Amino acid sequence: MGNVIVVGSGISGMTAAIRCAGQGVKVTLISPFPSERSQSVMAAGGINAVLRDCDPGDSVACHVEDTLKGGSYLAGSKAVTGLCENAENIIEYLEKLGTVFSIDKSGKLIRRSFGGQSYRRTYYCGSSTGKQIVSALVMEARRLEAAGMVERRLWSCFHSALIRDGVCYGVLIYDESTQGLEALYGDSVIIATGGQNSLFGKTTGSTQCDGYVAGKLFMQGAELKNLEFIQYHPTTIDIFQKRMLISEAVRGEGGRLFYEESGKKVYFMEEKFGAKGNLVTRDIMSRSIYETGRDVYLDISFMNKERINEKIPEVRDLCLKYRGIDISKEPIPVAPCVHFFMGGLAVHMNHETNIRSLYAIGECASMYHGANRLGGNSLLSAIYSGMVAADDISKNPKPKEDIDFSLEIEEEKEKLKQRMETRSKFPVMYIRDMLAETMNKSMGIVRTEAELDKGLYNIDYYLSIAEKLRYDNSVLAYFNYSLVGILNIAKASVFSAKARKESRGAHYRSDYPDSKDADAYASIISYNNGDFKIRLDKEKLYES
């Protein structure tokens with residue numbers, strides 16, 4: 001029968017767990033919180049697919065080309081083709097699970113336009129597509145839990161992987177209820193822990209997504225890829241604790257960006273890019289907003305109020321609740337903010353990393369989006385990658401001999417005990433706040449060698465004192481032991497951005513404003529006892 005450990009219970013992790021269990025593989029699903037609190041529920045805009053009743057002229061081949069072009073041809077064509085070819089089956093699968101997509105009066109699924117796409121192919125569930133998909137997957141996962149095929153481990157955080165000679169045998173988790181470490185063994189381990197949002201402080205994403213798992217695995221020998229490509233979503237609003245996403249659906253329904261000059265509205269995106277200027281790719285739009293140097297607004301007030309209530313009710317509600325803005329009467333003040341990470345753990349076509357039996361899926365894996373992700377492709381890739389990894393595990397079992405990790409486990413327990421007893425002037429959370437400031441300065445929409453060097457200098461300093469910082473008992477233990485892994489993935493990101501001396505997609509260097517080569521290349525980063533090495537891989541090894 002076999003067994004697999006899935007770390008992360010958002011859309012990607014649940015998809016993999018359900019797929020494995022459905023093929024007779026027992027699953028342990030690990031997460032600190034229920035799936036309903038995962039970042040996946042925040043996905044609002046929709047999911048891309050070319051269905052049988054697509055717009056005239058649209059095709060799967062066109063979806064593939066739009067995805068490759070939007071990502072500056074950095075993603076592998078075979079991987080992207082597999083993603084787009086399976087999109088229709090994924091929509092049908094979600095409907096069977098109970099996902100309630102928006103339909104027209106005749107009962108057909110409704111699609112809308114999204115940035116960087118030649119045709120309308122984004123299907124949605126009002127403004128809560130992520131919530132609908134999570135709800136459907138949760139119900140299916142519970143059915144499999146009742147059947148004994150899936151075991152959920154809540155309040156459990158990843159600590160480290162159990163790796164020996166390039167093979168993964170399981171994970172070490174920190175159980176908040178027992179306040180101790182526990183070893184879990186599996187034939188395979190799937191990592192589905194999202195991006196690195198909290199490296200930047202206030203973003204559109206969940207603070208649960210901080211990059212620690214990828215950072216720790218990086219320190220344990222897993223390779224990382226394309227970390228310099230960080231997507232800034234062009235339209236967000238500021239609230240007390242975070243930036244709230246104003247979905248691309250607003251622009252898909254006709255919303256227009258403008259700034260004011262001499263009392264007049266300047267629709268700068270339309271002036272610069274023509275009639276479809278409000279639906280260019282996110283990297284181009286974010287950079288265009290940045291370059292105005294002005295306060296920018298998104299206007300949908302010209303739309304019929306009933307249509308606003310029907311098409312974008314959650315955007316209406318969040319603007320009213322958090323900013324007191326009635327979008328049917330006034331424009332929304334927006335600004336770009338960190339939103340999605342195209343880089344992550346380097347994976348092969350089957351989503352296995354360079355560590356045997358260790359897989360990565362969803363946003364924590366770098367595969368389908370190249371240098372910039374198209375809106376609507378994230379939900380698609382989250383589900384598809386979970387299916388691909390599960391199918392590979394089910395069809396290609398990887399039997400391993402029993403290995404005794406007792407010595408390593410005891411060493412980790414002792415290190416954690418010493419860590420919790422450390423005292424110093426500053427708490428861990430203080431350094432995390434300083435890191436966020438460093439990352440925003442060095443890894444912004446526009447980057448320079450000087451700022452990147454400052455970022456590396458600061459992160460090296462944080463690393464030099466990380467083991468000496470005071471344990472903060474006002475937060476979960478995870479926030480204390482995770483700091484070194486987080487700092488290392490932050491350093492790897494800045495290191496990658498400095499190494500790529502060109503501008504491509506979401507990576508823009510004002511000192512190297514042009515693309516260096518006609519052929520895109522991936523950046524693969526490895527770690528060895530604190531040393532970082534990078535190779536620029538024109539063959540795109542992991543996606544060929």
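Begin by selecting Ile190 and Ile191: within the largest nonpolar core, which has 123 residues, these two touch the most other members. The model shown here is predicted. Next, colour helix α12, residues 377-395, which gives the most to this core, with 10 residues.

Return to Ile190 and display its surroundings. Which residues is Ile190 in contact with, leaving aside its neighbours within four places in sequence? They are Val4, Ile5, Val6, Val7, Ala16, Cys20, Tyr359, Ile361, Ala389 and Ile393.

The next stop concerns aromatic rings. The model has 19 aromatic pairs. Select Phe495 and Phe532, whose rings form a tilted pair, with 5.7 Å from centre to centre and 40° between the planes. This pair links distant parts of the chain, since Phe495 belongs to helix α17 (residues 483-499) and Phe532 to strand β22 (residues 531-537), 37 residues apart. Is Phe532 buried or exposed? Phe532 is buried because its relative accessible area is 12%, under the 20% limit. Phe495, at 24%, is partly exposed.

Then select Phe158, Tyr174, Tyr212, Tyr478, Phe479 and Tyr481 together, as they form one aromatic cluster.

Finally, examine two charged side chains. Select Arg112 with Tyr124: the charged end of Arg112 sits over the tyrosine ring, 3.6 Å from its centre. Then select Arg373 with Phe340, where the charged end of Arg373 sits over the ring of Phe340, 4.2 Å from its centre.

Conventions. Residues numbered from 1 in each chain as written. Predicted model: local features only at pLDDT ≥ 70, side-chain atom pairs only at ≥ 80, totals over all residues. Heavy atoms only, no water. Phe/Tyr/Trp six-rings, centres within 6.5 Å; stacked < 30°, edge-to-face > 60°. Helix = DSSP H or I, 4+ residues; strand = E, 2+ residues; numbered from the N terminus. Buried < 20%, exposed > 50% of the residue type's maximum accessible area, 1.4 Å probe, protein only. Lys NZ or Arg CZ within 6 Å of the ring centre and 35° of its normal. Core = buried A, V, L, I, M, F, W, Y, C linked by side-chain atoms within 4.5 Å. Contact = heavy atoms within 4.5 Å.
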